Amino acid sequence: MSTAAEEATGTTAEDRDILAIAREQVLERGVPLDETQILRVMRTSDAALTDLLALAHEVRMKWCGPEVEVEGIVSIKTGGCPEDCHFCSQSGQFTSPVRSVWLNIPELVKAAEQTAATGASEFCIVAAVRGPDERLMTQMREGVKAIKEAVDIEVAASLGMLSQEQVDDLVDMGIHRYNHNLEAARSFFPQVVTTHSWEERWDTCLMVRESGMELCCGCLVGMGETVEQRAELAAQLGELQPDEVPLNFLNPRPGTPFGDLPLMESTEALRTIAAFRLALPRTILRYAGGRELTLGDLGTRDGLLGGINAVIVGNYLTTLGRDPKEDLALLDDLKMPIKALSSSL
Amino acid sequence: MTKLHLYCGYCGRPRTEPGEESSHDGCAENLRMEPPRYCSQCGRRMQVQVSPTSWTAKCVEHGETSNP
């Protein structure tokens, strides 16, 4: 039964019902919401947003703790990708201004040093490719070795779709975590990418999960998907059980098919963060690209108090991020300690 | 000697075209959150490498610019 105070906030009976279910199921028992329940959360009213974010924060604190994992990323091979991911400025199929460039090993080590200097525990090396060829695997082998000799940081990688042999090679290199995003719900994926299938991505994720590397598998929201497809995506990620889910918000890039889409509304973005936390109570949920534009400074804070427990600091692959000092000061202000190297969330 | 910025680093078009004034205000705003992609001297597309706390842009004709 609702109280007069609850009704006075403007929340609906449906808002209060699904939040009560989430509190009992996810917060108390640690059982993730299913797809139908996630959809109900994503349909809650703006009036319920404060309560929703507070609940998602409680879930994060109970099942993950107060620590925040900080990561830096760099592109080892930029642009010229043969795939047609409609949101991506690095596809060679669009008239994007991004030119192809390779990063050499001294610069790669320097990027790892820059990342470590921010206090980050994770450094992810990313390549714009369908999957790695021998040249890229050789560059990775030499680059990861050089980083490990010079910098005390966990090394992650994101090199597209993998064969089992390549998975084994990355394990041998000492790659701690492998990123391969689902990007979108299975039902929406054909409207985002046509050069490979959602199932191919899923298969790589399964191989990584079985390999001993941690699996980082995230997505991009705000690409025109329906709220039902967003709930479907959260449920599919829940089924995959990745160690980390990076959550990107579309930053429409000039020259790409999604270049003219509007930014996602900040309230919608925050509701998505909270819903993902209720779908993935124990997972590292990371702020990734697009948050600066979609959420701004205030929204960034709200998300960290609404389910997020990891951030990418500094710049992204082709765009710039906030000054790392601003994010670190915010974490300090929120009394959220940065996860130390080699400790587990 | 100060270099003239003849082309917009964001869209690659000439900074001043006949009948246009301040036509790159939106581009300047965008450049707060991304590195320049076009050479300010010749308008060529540059090779840009972004790293966690800096970026470097190379024009085949006019060399390298970076930040910080």
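## A stretch of chain B

Let's start with a label from a record: the UniProt annotation "domain: Biotin synthase auxiliary protein C-terminal", from an unreviewed entry, covers residues 46-66 of chain B. Such annotations may be inferred rather than shown by experiment. Over residues 46-66 of chain B, the chain is 71% strand and 0% helix, with the end C-alpha atoms 12 Å apart. Helices (H or I, at least four residues) and strands (E, at least two) are DSSP runs, numbered from the N terminus.

This is a predicted model: local features need pLDDT of at least 70, side-chain atom pairs count only at pLDDT 80 or more, and totals for chains, interfaces and linings use all residues. Residues are numbered from 1 along each chain as its sequence is written, while chains are lettered from A and ligands numbered from 1 in the order in which they are written.

## Where the chains meet

Chain A puts 20 residues into the contact and chain B puts in 16 residues (contact means C-beta atoms, placed from the backbone, within 7 Å). On the chain A side, strand 1 (69-78) and helix 5 (105-117) are the elements that give two or more residues. The largest share, 4 residues, comes from strand 1 of chain A.

## Two helices in chain A

Now look at helix 2 (residues 13-28) and helix 4 (residues 49-63) of chain A: their axes come within 10 Å and cross at roughly 5°. Axes here are lines fitted to C-alpha atoms, for helices over the stretch in contact, with angles from 0 to 180 degrees between N-to-C directions. Helix 2 and helix 4 of chain A are therefore roughly parallel to each other (angles under 35 degrees count as roughly parallel).

Notes: Two residues are in contact if their C-beta atoms, placed from the backbone, lie within 7 Å. Angles under 35 degrees count as roughly parallel, over 145 as roughly antiparallel, 65 to 115 as roughly perpendicular and the rest as oblique.
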